Amino acid sequence: MASPRRAAAQSAYRIAVASSADKLAKGQYDLWDTGRVASSDSLGHPYAGRPLTSRQKVHWQVEVWDDRDRRQSARSTWEMGLLEPADWSGQWIAAEAERDQLDRLAGFNWMWAGEANPGKPRRFRFTFDLPQAAHGVIMAGGVDRLEGLWIDGQPLEVLQPSSIDFAKPPLTELPVDLARGRHVVAGQVKVDKGVLPSPTGAFGALLRLVLADGGRLWVSAKDRCRTSLDDAVDWFAPEFDDSAWVAATLATPQPNTPWPARPAVLMRKDFETSGAVVSARLYAAALGGFQARLNGQAVDDALLAPGYTDFRARTPYRAYDVTDLVRPGPNALGFWVADGWFASVIAPASRFAFGPAPRRLLAQLEITYADGRRAVVATDPSWSVRESAVVSAEIYNGQTYDARLEVDGWDRPGVAQTRWEKAALAPPPQAPPSADIAPPVRVTQVLDPVKRTAVSTDVAVFDFGQNLAGVPQIALQGPAGATVTLRFAEVLTKDGRADQSNLRAARATDRYTCRGAARGEAHQPLFTFHGFRYVEVSGLAALDRFDLKAGVIHNDLPLTASVAIKDPTIAGVWRNALWSQRSNFIGVPTDCPQRDERLGWTGDAQVFWDAAAFNMDVELFTRRFMEELRIAQDSQGGFPVFAPAANRPPASIGPTPGWADAGVILPWTTWRRSGSTAVIEENWSAMSRYLAAIAKTNPDGVWRNKRGIDFGDWLSIDAKTAWDETTPKALIATAYWAYDNGLMADMAAATGRMDEATRFQAEHERISAAFRSAFVAKDGKIGNGSQTSYILPLRFNLLAPEQHQAAGERLAASIRERGSLTTGFLGTPYILDALADSGQSQTAMALLRRQAYPSWGYMLSKGATSMWERWNSDTGDVAMNSFNHYALGAVSGFIMRRLVGIDALEPGFRRILARPLITASSQQAAGKHLSPMGMIQSDWRVSPQGRLDLTLEIPANASAQLVLPAGRYSGAGQALNPASSAQDRDGRKTAVFELAAGSHVIAGKVDRLDA
């Protein structure tokens, strides 16, 4: 409800649902009617009416009465999607050219010797005979990597990953020209001993040949390959005797074949309408990226559809209202289909990480006429397909577009069918189509460059002044065949060029070849994106004109927060953290938007979700990501370190502390901010399984066993290598385990699971006691005395009351002794809260304002416009060095909760906790948060003498608990008497006020203004 009146509150509500607008207007609520319910509860009422069916349009109304029995109401509609597999009449068709279909049907076979991890490179050979000369290509690869490839003793250049690449290359594809007679193919495969296992020690090769007489021939390694670990120098020579080598067998299981990148395809179907159309709905799913088009227009403005998911377990579809795009008479439905998240290289695997080729499309257009007739245009073998002007498009590597290959009018009716092929049926994926609930990725902002620097007459560097995730928008004019190349980077080299050294295997390069249009050309890639601030453009000398803008992209979640803090460092921290969130909410919450990773790392997400849920409405996004975590949950109950997971550690090593805990922390945080228990219900079983798995192997309450990859306090200052144990890893693990159980107790109570609430609370207390016994010494030292050793038990409330203040003092003393923080991914997000809540607010504010290394201010002083992955990203190892990584920006949650003073005391902000950190060192803060209850605003400032002025806006039907330092305060010209007085855990006196909805202007004098 909305009301400007002070203390306005809801007294009752009614939700009514009908099957038609007419019935709703007449009060015939045939689907559901709650009746008038006396309740102030305005959040989290799930539909509980008659079962709904596919395609059903539902009309609903909500009525609310305030405390003066005044009524407000609003009406809306929703429409059901396709709920059952039988609702789909379309058939899956292959989004590939005939050439690639024939390659796939010929079969690429991985061969090995049955040994998964040979200790040294394994060598393979096979021979074949040609009845006549031939030319064509060879495609070859190795698992883990192909080190060398020879034909008839001659070396061929293979795709070789560098030592720092995380992703694996696709098959090497090279031209061959072979004479009649016998030929020998030889390959050497190296095994990488990485953290994430995969089937290893395998080799494969496939030759596609055109014989002299025009016949076609495919030759594979199957049934003719031999292998050895032989160290012979000339083992690849044609004359080498390999009779002592063992026969290679088919690898079990067969890894997916990482076929080379291929052009995006156009897929189309003409159809006719025969009457007045009242509605048209298009439903589309793809294994690959797609854009749907109808009669020459895109059906929406989304990018990277259908989204980032594990296609082995989930097939997302999108629904579109295209009524306004259907025309009388001839029509055409078309699709671009490219690699997308399904077929692009995705680390730590390669191409087709989430299922075998081919790319595929399923679509159906359902048309309803005014006379009640219904027509369906669905994918089947009558569709046409051909390769497009998108020569290649991959997530990491970028998009190459040749406008000379454009097919004019291909998505309009009546296009000539020359060079089009008939589509072939493709196997359906394992999972039936299911709707995607999160808003899609879109361009949400367009930036102009702030600077253009000419390197030469042919090369210029564009600076957008902001590190972002996005796509280029180019406008140019040039002759046909002129090609412009765009290389994307976060930083520049010393000579002012794009520095891509930290991108590892990601090529991050787009190319556009002009068609020579007289009025110029414009282009925005559809099937890739980049993380960048700078774009180096070459090929300018051949152009008459070139302009460049940057389209900022992310899942189009509503932005729900802003801050206005005069301190430039604090304001900069907030701004940079928000930009990193925008840059990494692309399908799932990724770690970084630029290099060969872009994975949904769970450790990064769980520390940042406190901040994320202030900045954006993340409820649906969280539920979507949690579906990926459930898909990737292992057989023992462990949540993954990232999701979607192309491959992952075996369940036998256990879940990874601080990362797997995202499976509990994300639902809890989302419930607390949204007020909806849906995220709890959907994940209850998975969360329970996770905690049961830890308890099973750690009966004494200390998590010592089966800790997965065990990253620890990742990238902490004192780590000489990333894996150094700067804080005891068992301490970190046990702290998170105890914390999770406390969150589970909260969620159990919220969903009526009272017995389980009691059980999880008891488990929380048992593990907390075990933590204190194992890690808190008699003299108060915790763990090894590292800062994170104190931060986690302070923030997770694991200490006895009498231990709390001393732990805070030790933490502050360590910071003073070291001159700064020393924390990594798991300690940093909580350090300011741990200090402020233990009486060390001055130290907290000094850290937040600090400019010297290591600090957030140091990043700003070096020109950062987003959060860095490392405290020293300006000098850090390029092997793992992102300049757009939100984890260290998690403290922006502290800025909103403790500086601005907006937090949820009850789920959904039914009751607001306003507890601003009012000290001499904080001085001022203001901010807004659009909560489920409405807009909350806080604005305060305090003078050095302790004069406080505070304004707090509380939305209707909400209330707030305002906690201020003890003092004398007034509002509306009258003295304010606190509802209660209290002491913080450090002994500071506070005044607690209970405030109703409305605007509150408070002034007063603080008794004692802490430093």
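**Figure 1. Strand β24 (residues 329-338) is mostly covered, with nine of its 10 residues buried.** The model is a predicted one, in which local features need pLDDT of at least 70 and side-chain atom pairs count only at pLDDT 80 or more, while totals for chains, interfaces and linings use all residues. Residues are numbered from 1 along each chain as its sequence is written, and side-chain values use heavy atoms, with hydrogens and water left out. Buried means under 20% relative accessible area, exposed over 50%, and partly exposed in between, with a 1.4 Å probe and protein chains only. Helices (H or I, at least four residues) and strands (E, at least two) are DSSP runs, numbered from the N terminus. Strand β19 (residues 265-273) pairs with β24 in the antiparallel sense over nine bridges; two strands count as paired if DSSP finds at least two bridges between them. Arg268 stands opposite Gly334 in β24. Strand β21 (residues 289-294) is also antiparallel to β24, joined to β24 by six bridges, and Phe290 has Val337 in β24 as its bridge partner.

**Figure 2. An open sheet of six strands has the order β22-β21-β24-β19-β27-β30.** The pairing in this sheet is antiparallel. β22 (297-298) and β30 (421-422) are the edge strands; each has a single partner strand, so one side of each is left without a neighbour in the sheet. Ser384 stands opposite Lys422 in β30. In a regular strand the side chains alternate between the two faces of the sheet.

**Figure 3. Strand β16 (residues 225-228) pairs with strand β8 (residues 122-130) in the antiparallel sense over four bridges.** Arg125 has Arg226 in β16 as its bridge partner. β16 also pairs with strand β17 (residues 246-247), in the antiparallel sense and over two bridges. Here Arg226 stands opposite Ala247 in β17.

**Figure 4. The largest nonpolar core has 230 residues.** A nonpolar core is a set of buried Ala, Val, Leu, Ile, Met, Phe, Trp, Tyr and Cys residues joined through side-chain atoms within 4.5 Å. Phe546, Met747, Trp856 and Leu899 touch the most other members of the core. Helix α9 (residues 729-750) gives the most to this core, with 14 residues. Apart from this core lies another, of 30 residues, among them Ala95, Phe335, Ile367 and Trp383. Leaving out residues up to four places away in sequence, Met747 touches Val664, Pro667, Trp668, Trp671, Ile680, Trp684 and Met687; contact means heavy atoms within 4.5 Å.

**Figure 5. Helix α5 (residues 602-615) packs against helix α6 (residues 619-632) at an angle of about 150 degrees, with the axes 13 Å apart.** α5 is therefore roughly antiparallel to α6. Angles under 35 degrees count as roughly parallel, over 145 as roughly antiparallel, 65 to 115 as roughly perpendicular and the rest as oblique. Axes are lines fitted to C-alpha atoms, for helices over the stretch in contact, and angles run from 0 to 180 degrees between N-to-C directions. Thr602, Ala605 and Trp609 in α5 meet Phe621, Thr622, Phe625 and Leu629 in α6.

**Figure 6. Leu557 lies in the loop between β41 (545-555) and β42 (561-563).** Leu557 is buried, with a relative accessible area of 3%. Neighbours within four places in sequence aside, Leu557 is in contact with Pro439, Phe585, Met616, Asp617, Val618 and Phe621. Leu557 and Phe621 are 64 residues apart in sequence, and 8.1 Å apart in space from C-alpha to C-alpha.

**Figure 7. Two cis peptide bonds are shown, one between Val143 and Asp144 and one from Ala347 to Pro348.** For the bond joining Val143 and Asp144, omega is about 10 degrees. Asp144 belongs to the loop between β9 (134-143) and β10 (145-151). For the bond from Ala347 to Pro348, omega is near 0 degrees. Pro348 sits in the loop between α3 (340-343) and β25 (360-369).

**Figure 8. Asn957 has a positive phi although it is not a glycine, and Ala972 has a positive phi although it is not a glycine.** The phi of Asn957 is about 75 degrees, and Asn957 is found in the loop between β49 (947-954) and β50 (959-965). Asn957 is buried, with a relative accessible area of 12%. The phi of Ala972 is about 55 degrees, in the loop between β51 (967-971) and β52 (974-976). Ala972 is exposed, with a relative accessible area of 75%.
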